[in-house]
Amino acid sequence: MFNYYLKLAFKSMRRNPILSALMITAIGLGIGACMTTITVNYLMSADPIPEKSQQLFYVQVDNWDPNNAFNDDDNSPPNQLTWTEANNLMAAKQAPRQAAMAKSGGIIEPGNQDALPFEASIRLTFSDFFPMFNTPFLFGSGWDDKADYAREQVIVLSKAINDKVFGGENSVGKTLVLSARHFRVVGVLDNWQPVPKFYDVNNGAFDEPEEVFIPFLLKEELELPSWGNTNCWKSPEGEGFKAFLQSECINFQMWVELDTPQQKADYLGFLSNYVNDQKALGRFPRPMNNRLLNVMEWMDDQEVVDQDARLMMWLSFMFLLVCLLNTIGLLLAKFTGKAAEIGLRRAVGASKGELFVQHIIEAACIGVLGGMAGLVLAALGLQGIKVLYGDFVDDLASLDLTMIAVAMLLALVSSILAGLYPTWRACNIAPASQLKSQ
Amino acid sequence: MSNNAQIPRSTNWEIGPILRALLRNKVGALLIAIQIAVTMTIIVNSVSIIVERYHQVQRDSGIDEDNTFYLSSLGFGESFNAKVTIEEDLAQLRKLPGVVDAIQINAIPISGGGWSMGLKTQAGAEFDAVGVAVYMVDDHGINALDLEVIAGENFSHSDITWREASQSSWPNKIIITKAMAEALFPEQAWASPVGKTVFINDVEPMVISGIIDKLQAPWPNWDRLENAMLSPERQNYDSSRYLIRTEPGRRDELMPIVEKFLADSNKQRIIKGMRSLTETRERSYRGNHALIKILSTVMIILTIVTGLGIVGLASFNVNQRKKQIGTRRALGASQGAIVRYFMLENFLISSGGVLLGAGLTIGLNIVLVEVLSLQSMDWFYIPIGMAVLWLVGLIAVYGPAKKAASIPPALATQTV
C-alpha cells in the first residue's frame with residue numbers, strides 16, 4: 001500500500017509541476033536557512049570536553065575595587081585572577097588536579113641558520129594542564145610536577161610548531177630557543193583544537209590554542225609579557241615587573257578538577273577560608289564572592305555564542321515559519337483542486353483513513369525533497385558564512401552527520417505538520433457533492 | 001449577484017461580496033495574512049538592524065585611514081637596544097620619500113586591542129572616573145594621525161618621556177578629544193578645560209595641554225568610542241609598534257619598502273603584523289558587513305517566497321472560480337471589474353496581514369532589545385514596512401487577476 005501511495009504522490013506532484021516545485025523550494029529554503037544558523041549555533045555552543053566538562057571548574061574570587069563592582073550588571077566576580085592568587089591557590093593543592101595559566105608570547109629562534117626567527121604564542125601553565133584537559137600527544141608527554149616548581153626550562157610544542165621547526169619528526173629531548181633561553185622539548189601535541197577554546201576565552205572563544213606550553217613560574221623568571229587581557233582596578237605599587245606581579249591586576253586563569261559534589265563543596269569552603277585570610281591581611285575589600293563554574297556554565301557566563309548568531313537563528317526559524325505557511329496554503333489549494341478525484345475515490349470505497357495516509361505521504365514526499373534541497377542550500381549557506389566571516393569560522397561552519405539527520409527530521413516533521421490541515425480538509429469532502437458535478 | 005449590470009465607472013467596490021467570499025475560505029485568507037505579517041516582522045526588523053549596523057560601519061575614526069599602515073618590530077637577543085632602535089627607526093622612516101610622518105604608538109584605532117584608563121576631575125579613589133583610551137605618541141602624533149588641535153597646543157619635543165616596561169606612573173601633560181573634554185566637564189564649553197588638571201590612577205595629576213577634534217578608541221563596540229587621550233611618551237619596550245602615514249595614494253607602494261627597510265636595518269629583530277588601516281577596518285567590521293549581507297539576502301528571498309505563495313494561491317483561486325468568473329463576464333462584468341475584484345480581495349487580506357505584522361514587528365523588536373540588547377527601532381519603519389508589503393501583495397496578485405480577467409464569458413456555458 002505504501003508503495004502505491006508513493007506512486008500516487010509522485011503522480012500528483014507531476015500533475016502540478018510548478019506548484020510542487022514551489023512547495024519544495026519553499027521548504028528547501030526554510031530548512032536551508034535554519035540548518036545554516038543551527039549549525040553555527042550548535043558548534044558555537046558545543047561542549048569542548050564532553051567527557052569531563054562537569055568535573056572541570058573555573059576558579060573566581062573577588063579582589064576588586066571596594067567602590068566599584070567588577071561587573072555592575074550582575075555583581076559577578078572578576079573573570080581572571082591575580083598572580084598572587086594563582087600562586088597561592090596552586091600552592092595550597094586543595095583539588096585533585098589544578099592548573100593556573102596565562103597567555104604570553106616570545107620569539108623562537110630555530111637552530112637552522114636559514115630559518116628566520118618568529119614570534120610564537122605561549123601558554124604558561126602547570127603540569128596538570130595536560131592530563132586534566134586530555135590533550136592528545138603525538139610524541140612524549142607533558143612535564144612532571146617537579147618541573148613546575150623547579151622552574152625547569154621544558155616545553156611542549158603544538159603539532160604545527162613541531163612541523164615548522166623540526167620538520168615533523170620526534171623532537172623529544174631536543175633543544176629549542178625561546179625568548180633567548182634554551183628549552184628542552186618534552187612533548188609534542190597532536191592536533192588539538194577545543195571548540196570553543198574553553199580554558200581561556202579572553203582573545204576570542206574560537207581562537208587557536210597557543211603554539212607552545214611552558215611551566216607557569218617561568219613568567220617571573222623570564223619576565224614574560226602579559227598577553228590576553230590585563231585588568232587593574234588600581235595601579236601596581238612601585239615600578240617594574242615584580243610590582244606588576246604583586247599588584248591587584250588580573251591576567252591569570254585557573255581550572256580545578258573536582259570529581260564529586262563533596263569535593264566541590266570542600267573546595268568552595270577552602271576558597272572562603274582563603275579569602276578570609278586575605279581579608280585579615282588587608283586585601284579583598286569587597287564582600288565574599290567566590291564562584292566555581294563548570295565548563296558549560298562558564299561558556300554560558302562568558303557568552304561565547306555570538307549574539308549575531310543567535311539573532312540569525314531566530315530569524316531563520318521565522319523564515320521557516322513563513323515557508324511552512326506558504327506550503328500549507330499551497331497544499332490546501334492543491335488538495336482542494338483534487339476534490340473531484342477524492343470524491344470519486346471515496347465513492348468507490350476508499351476510507352477516510354486511507355485517503356489521510358495517502359495525502360500525508362504526499363506531503364512527506366514534498367518534505368523529504370525539500371529537506372534534500374535544504375541540505376544543499378545549507379552547505380552553500382555555510383560556505384557563504386566562511387566567505388563572509390573569514391578563516392576564524394572554519395571550525396564553526398561544517399555539517400556533520402547529526403546535523404544532516406536533524407535537517408531531514410526537521411524537513412519531514414515540518415512538512416507533515418504543514419500537511420495535516422490540508423489533508424484533514426481533503427478527507428472530509430463529501431463524495432456526493434463532487435460526483436454531482438461530474 | 002446584485003450588481004451584474006453595473007457600468008464600470010460605478011463607485012460600487014463590491015466590498016460586501018468579497019468579504020462574504022473570503023469568509024467562505026477563511027483559512028486560505030488567514031494563511032496569506034499570517035505569512036504577510038511574519039514576513040513584514042522579519043523584514044522591518046532586519047532593515048532596522050541593517051541601518052543600525054550601517055551607521056556603525058560608517059563612523060569616522062578621525063585618522064587618515066586611506067594612507068596609513070602599521071607594523072610591529074620585535075627585538076630579541078642580548079644586544080638589542082630598544083631606545084636606540086626606536087630613535088633610529090623613526091628618524092629614518094620620517095626621511096623616507098613619500099612618508100608624511102611616522103610614530104611609535106601603543107595601540108591602533110579600530111583594531112580592537114588597546115589600553116584604557118580612567119580620568120577624574122577630583123583626586124581620590126572615591127570619585128568616579130571617566131573611561132578613556134590611551135594612545136602613547138610623541139610630538140609627531142598629531143601629524144601622523146591627521147588630527148587637528150582645536151584648542152590649546154600640541155606636545156613639544158621636550159615633553160616626550162620614555163615609558164619603561166611595567167611603569168605605572170604617568171607624564172604630567174595630556175591631550176584629550178573634544179568628546180572626552182565634554183565627558184569630563186559636561187557643564188562647560190568644550191574648549192575651556194585647556195590648562196585644567198585631571199587625575200589618572202586616582203591621584204596623579206595631568207594638565208590638559210590641548211584638545212583634538214576627533215579620535216576613536218581602539219574598540220569599535222565601546223559605548224564611549226570617542227573618549228581618547230594622547231600621552232606624550234615613547235615606550236622603551238623590545239616589542240614596539242610603528243604607525244606610518246604616507247602621501248595620498250602611496251601607501252601600497254611604500255608598505256613593502258618600509259617593511260624591507262626595517263627588517264634589513266637591524267637583524268636583532270623581526271618585523272611582523274604589517275597591515276593597512278583599511279584592512280584593519282575591514283577585519284573589525286567584518287561581522288557587521290556579513291550581517292548586513294545576510295539579512296539583505298534573507299529579505300529578498302523572503303519577499304520572493306511570500307510573493308510566489310500569493311501568486312500560487314491566487315492562481316488556484318482563479319482556477320477554482322473559473323466558472324463563476326465566466327458567468328460574471330457573461331452577465332456583463334468588464335475585465336477591469338474582474339481584476340479589481342481580485343486586487344481588492346488581496347488588499348483586504350494584506351490589510352489584515354500588515355496590521356497583525358505591525359504588532360508582531362513591535363513585539364519582536366522588544367524581544368531583540370531585551371534579550372540581545374539591540375537598539376529599539378524608529379517608529380517610521382513600521383508604516384513603510386506596511387506599505388511595502390501591501391505593494392508586494394498587489395504586485396503578486398496582479399498576474400493571476402489578469403489571467404482571471406481573460407477568461408472568456410463563453411466558459412460559463414460549458415461544463416467543467
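Leaving aside residues up to four places away in sequence, A:Asn79 touches A:Tyr58, A:Gln60, A:Phe70, A:Asn202, A:Ile250, A:Trp298 and A:Gln302, where a contact means heavy atoms within 4.5 Å. This residue, A:Asn79, is found in the loop between β1 (56–60) and β2 (81–82) of chain A; helices (H or I, at least four residues) and strands (E, at least two) are DSSP runs, numbered from the N terminus. A:Asn79 is buried, with a relative accessible area of 17%, and the terms used here are buried for under 20% relative accessible area, exposed for over 50% and partly exposed in between (1.4 Å probe, protein chains only).

The model is a predicted one, in which local features need pLDDT of at least 70 and side-chain atom pairs count only at pLDDT 80 or more, while totals for chains, interfaces and linings use all residues. Residues are numbered from 1 along each chain as its sequence is written, chains are lettered from A and ligands numbered from 1 in the order in which they are written, and side-chain values use heavy atoms, with hydrogens and water left out.

Chain A also holds some backbone features to look for. Most residues other than glycine have a negative phi, and most peptide bonds are trans. A:Lys93, however, has a positive phi near 50°; A:Lys93 lies in the loop between α3 (83–92) and β3 of chain A and is exposed, with a relative accessible area of 52%. A:Phe284 also has a positive phi, of about 50°, although it is not a glycine, and its place is in the loop between α9 (261–280) and β11 (291–294) of chain A. At 2% relative accessibility, A:Phe284 counts as buried. A cis peptide bond, with omega about -10°, joins A:Val195 and A:Pro196, and A:Pro196 sits in the loop between β8 (181–189) and β9 (212–215) of chain A.

We turn now to the place where the chains meet. The contact takes 46 residues from chain A and 50 residues from chain B. The area buried between them, meaning the accessible area (1.4 Å probe) that two parts lose on being put together, summed over both, is about 4000 Å², of which carbon and sulfur atoms give 73%. Across this interface the rule finds two salt bridges, each defined as a side-chain nitrogen of Lys or Arg within 4 Å of a carboxyl oxygen of Asp or Glu. The side chains of A:Asp308 and B:Arg53 meet in a salt bridge, at 2.8 Å from N to O. On the side of chain A that touches chain B, several elements each supply at least two residues, among them α2 (17–44), β3 (97–109) and α11 (307–337) of chain A, and α11(A) gives the most, with 22 residues.

In chain B, B:Phe199 is found in strand β8 (residues 197–200) and is buried, with a relative accessible area of 17%. B:Phe199 and B:Gln122 are 77 residues apart in sequence and 6.7 Å apart in space, C-alpha to C-alpha.

How far can the model be read? Chain B averages a pLDDT of 90, and 96% of its residues score at least 70, pLDDT being the predictor's confidence in each residue, from 0 to 100. Over residues 1–8 of chain B, pLDDT stays under 50. Where pLDDT is low, the predicted coordinates should not be read in detail. For the complex, the predictor gives an ipTM of 0.84 and a pTM of 0.85.
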